[in-house]
Amino acid sequence: MSIENLFDFSLTRETEIPEGQYPYTLSNIDVEHNVLTDYGVKQRISFIFELQIGDETKSIKKSFYYSKHPESRFMKFMEIICKAYQKRKLNLQELIGTYGSLKIEHGADETGNVYENITDIITDGKKEADIDETIEF
């Protein structure tokens, strides 16, 4: 972020990444335990992607509270992940370092904040180790 961007401030969130399809590398997956929320203590899992946008590399971090509820944001994102890697069970740590392309679409909330949403992932390859058939947290 350049210094000039610090002077341009808005209470409404705006996107930093335009809509489109971008090459990615999944650079890290972080798990935080005992995160205090309005609904109690939860686990948070964050996926950090490095995107190639023209000549620039940008990071996008998508964080979710761990939930197996079928309509949760986490489970909907995991459906995208499992479809991309053609697996029903995964060891998420083994996805770190994988690459491909992902699709970004914008979504807005009721107050006008706009977010980057990952709506599709296509894997072009894996890192050296094969993807395992288990999921661990």
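**Group meeting: a walk through the model**

Let's start with helix H2: its 13 residues reach 19 Å from the first C-alpha to the last, close to the 18 Å expected at 1.5 Å a residue. That expected span is 1.5 Å times one less than the number of residues in the helix. Helices here are DSSP runs of H or I with at least four residues, strands are runs of E with at least two, and both are numbered from the N terminus.

Before I go on, a bit of housekeeping. This is a predicted model, where local features need pLDDT of at least 70 and side-chain atom pairs count only at pLDDT 80 or more, while totals for chains, interfaces and linings use all residues. Residues are numbered from 1 along each chain as its sequence is written, and side-chain values use heavy atoms, with hydrogens and water left out.

OK, back to H2. Which of its residues are buried? Phe-74, Phe-77, Met-78, Ile-80, Ile-81, Cys-82, Ala-84 and Tyr-85. Buried means under 20% relative accessible area, exposed means over 50%, and partly exposed is in between, using a 1.4 Å probe and protein chains only. As a reminder, an α-helix has 3.6 residues a turn, so residues three or four places apart point the same way.

Just after H2 comes Gln-86, with a positive phi of about 55°. Gln-86 sits in the loop between H2 and strand E4 (99-108), and at a relative accessible area of 70% this residue is exposed. Most residues other than glycine have a negative phi. Asn-34 also has a positive phi, near 55°. Asn-34, though, is in strand E1, and counts as exposed at 64% relative accessibility.

That brings me to the strands. E1 (residues 20-37) and E2 (residues 40-53) run antiparallel, joined by 11 bridges. For strands to count as paired, DSSP has to find at least two bridges between them. E1 and E2 make a hairpin, with two residues between them.

E2 also pairs with strand E3 (residues 56-65), again antiparallel, over 10 bridges. There, Leu-51 stands opposite Lys-58 in E3. The hairpin of E2 and E3 has two residues between the strands, and Gly-54 in this hairpin takes a positive phi near 65°.

Now, how many salt bridges are there? Counting a side-chain nitrogen of Lys or Arg within 4 Å of a carboxyl oxygen of Asp or Glu, we get five. I'll show you some of them.

One is Glu-116 with Arg-13, where the closest N and O atoms are 3.2 Å apart. Glu-116 is in strand E5 (residues 114-125) and Arg-13 is in the loop between helix H1 (3-7) and E1, so this pair ties together parts that are 103 residues apart in sequence. Glu-116 is buried, at 6% relative accessibility, whereas Arg-13 is partly exposed at 33%.

Another is Lys-83 with Asp-120, with 3.9 Å between the closest N and O atoms. Lys-83 belongs to H2 (residues 73-85) and Asp-120 to E5, so here the parts tied together are 37 residues apart in sequence. Lys-83 is exposed at 61% relative accessibility, and Asp-120 is partly exposed at 23%.

Then there's Glu-105 with Lys-103, at 3.3 Å between the closest N and O atoms. Glu-105 is partly exposed at 31%, and Lys-103 is partly exposed at 33%.
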